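This briefing concerns the structure shown below.

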Amino acid sequence: MKICVLPGDGIGPEIMAEAVRVLEALELGFEMEEALIGGGAVDATGTPYPEATSRLAKAADAVLLGAVGGPKWDTLPREQRPERGLLAIRKELGLFANLRPAILYPELANASSLKPEVVAGLDILIVRELTGDIYFGQPRGVEERGGERYGFNTMHYTESEIRRIGRVAFEAARKRGKRLCSVDKMNVLETTQLWRDVMTELAPEYPDVELSHMLVDNAAMQLVRAPKQFDVMVTGNMFGDILSDEASMLTGSIGMLPSASLDENNKGLYEPSHGSAPDIAGKGVANPLATILSVAMMLRYTFGREEAALRVEGAVKKVLAQGYRTGDIFEPGTSRVGTRQMGDAVLAAL
Ligand code: NAD
């Protein structure tokens with residue numbers, strides 16, 4: 001049971017330290033090894049995803065990542081930007097399925113910008129395809145054509161790519177509320193007509209799951225109008241990028257949301273949904289709970305340790321109930337704590 005630990009940039013090392021403490025406290029015998037990714041890797045080796053990191057990630061059963069990026073590296077050539085390291089590791093490990101839960105803990109209902117009655121008890125899972133679509137499609141670029149600059153990208157999906165993400169989503173729905181909403185733009189984009197057709201063809205294999213379809217513009221509206229109508233949503237890379245950020249914001253705190261990216265054998269990369277938060281990096285105030293909840297997802301999806309996953313999630317619920325809050329989720333009447341103290345509270349609750 002090998003875990004490759006990639007703290008990354010900004011608040012990455014601070015939140016990762018707490019997640020590692022939680023893993024150690026569980027005493028499950030994991031072997032952990034750390035490596036460089038992102039801006040720190042660029043500084044040390046000239047590339048955001050060095051060979052040594054790639055070797056370690058490939059040999060591990062799971063990868064736990066903090067976050068990458070920061071203003072220091074924003075002006076580098078595109079190939080050397082920290083975010084390229086993320087695209088590279090996802091592609092290399094074949095992580096085609098991104099699972100992002102958006103859960104609103106009752107104690108944090110006021111943190112949402114929506115009315116508490118609209119979001120209280122929210123529990124949705126967005127399954128996003130991660131290695132295809134317009135983000136990876138060729139040809140792409142900006143060229144001079146007809147005396148002006150011309151930008152172009154290519155959206156494409158094969159039916160096998162759609163089928164494998166569809167299966168992940170149906171399986172996930174089966175373990176939850178048994179409702180799956182597939183999101184596309186079939187009225188305009190042929191690629192997504194194929195998406196809808198393949199999802200519909202898969203449905204008979206999962207008679208216990210109720211499949212519905214929704215156009216992406218409507219899905220974006222419904223997420224803010226009545227988000228609790230959804231259980232699991234499945235969509236392509238670009239729509240999923242946008243909708244999963246929208247869904248995470250319904251909960252009011254990106255500092256609380258974990259994510260998992262899986263390959264076909266449940267090997268996974270686990271990371272908080274937020275970025276490297278350069279504005280608060282080094283201050284010891286970042287919320288480590290999204291990373292700690294990513295550990296819970298890792299225990300569940302890669303290592304099949306449901307009981308340990310529930311223990312970690314239970315500890316997080318307990319510290320919220322006890323009133324501990326980092327700055328991002330602080331409200332008057334609760335106890336404001338820093339990153340390390342939040343980690344201490346989770347360890348105590350464990
Ligand atoms: P961000 O998620 O880093 O920060 C957005 C806001 O949320 C900031 O105000 C930040 O302080 C706050 N925030 C985020 N995580 C928090 C936490 N755990 N606790 C408390 N507050 C938290 O997004 P951004 O500012 O758009 O991006 C900053 C950098 O992160 C950029 O370089 C971007 O490219 C990178 N990024 C990386 C990832 C990743 O590593 N997966 C994802 C998104 C952005």
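Helices (H or I, at least four residues) and strands (E, at least two) are DSSP runs, numbered from the N terminus. The model is predicted, so local features need pLDDT of at least 70, side-chain atom pairs count only at pLDDT 80 or more, and totals for chains, interfaces and linings use all residues. Residues are numbered from 1 along each chain as its sequence is written, and side-chain values use heavy atoms, with hydrogens and water left out.

**Helix α1**

- Helix α1 has 15 residues (12-26), and at 1.5 Å a residue it should span 21 Å, which agrees with the 21 Å between its end C-alpha atoms; the expected span is 1.5 Å times one less than the number of residues.
- The buried residues of α1 are G12, E14, I15, M16, E18, A19, V20, V22, L23 and L26, where buried means under 20% relative accessible area, exposed over 50%, and partly exposed in between (1.4 Å probe, protein chains only).

**Ligand site**

- There are 20 residues around the ligand, and V68, E83, G275, A277 and N287 come nearest; a residue is near the ligand if one of its heavy atoms lies within 4 Å of it.
- By class, this shell comprises nine nonpolar, seven polar and four charged residues, with Ala, Val, Leu, Ile, Met, Phe, Trp, Tyr, Cys and Pro counted as nonpolar, Asp, Glu, Lys and Arg as charged, and the others, Gly among them, as polar.
- E83 places a polar side-chain atom 2.4 Å from an oxygen atom of the ligand.
- In the side chain of E271, an N or O atom is 3.4 Å from a nitrogen atom of the ligand.
- The backbone of S276 contributes an N or O atom at 3.1 Å from an oxygen atom of the ligand.
- On its own the ligand has 800 Å² of accessible area, of which the protein covers 67% (Shrake-Rupley method, 1.4 Å probe).

**Buried residues and their contacts**

- L99 belongs to strand β4 (residues 97-103) and counts as buried at 1% relative accessibility.
- Beyond four places in sequence, L99 touches L125, I126, V127, V168, P258, S259, A260, L262, M297 and Y301, contact meaning heavy atoms within 4.5 Å.
- The C-alpha atoms of L99 and S261 are 6.2 Å apart, although 162 residues separate the two along the chain.
- P7, in strand β1 (residues 2-8), is buried at a relative accessible area of 9%.
- K185 occupies the loop between β8 (179-184) and α7 (190-202) and is buried, with a relative accessible area of 18%.
- Apart from neighbours within four places in sequence, K185 contacts T192, L215, V216, D217 and F239.

**Backbone geometry**

- Most residues other than glycine have a negative phi, and most peptide bonds are trans.
- Q138 and P139 are joined by a cis peptide bond, with omega about 0°; P139 is found in the loop between β5 (123-129) and β6 (141-145).
- N266 has a positive phi near 65°, lies in the loop between β11 (258-262) and β12 (268-272), and is partly exposed at 38% relative accessible area.
- A277 is not a glycine, yet its phi is positive, at about 40°; this residue is in the loop between β12 and α10 (289-301) and is partly exposed at 21%.

Notes: A polar contact is a pair of N or O atoms within 3.5 Å; within protein, one must be able to donate a hydrogen and the other to accept it, and residues adjacent in sequence count only if both atoms are side-chain atoms.
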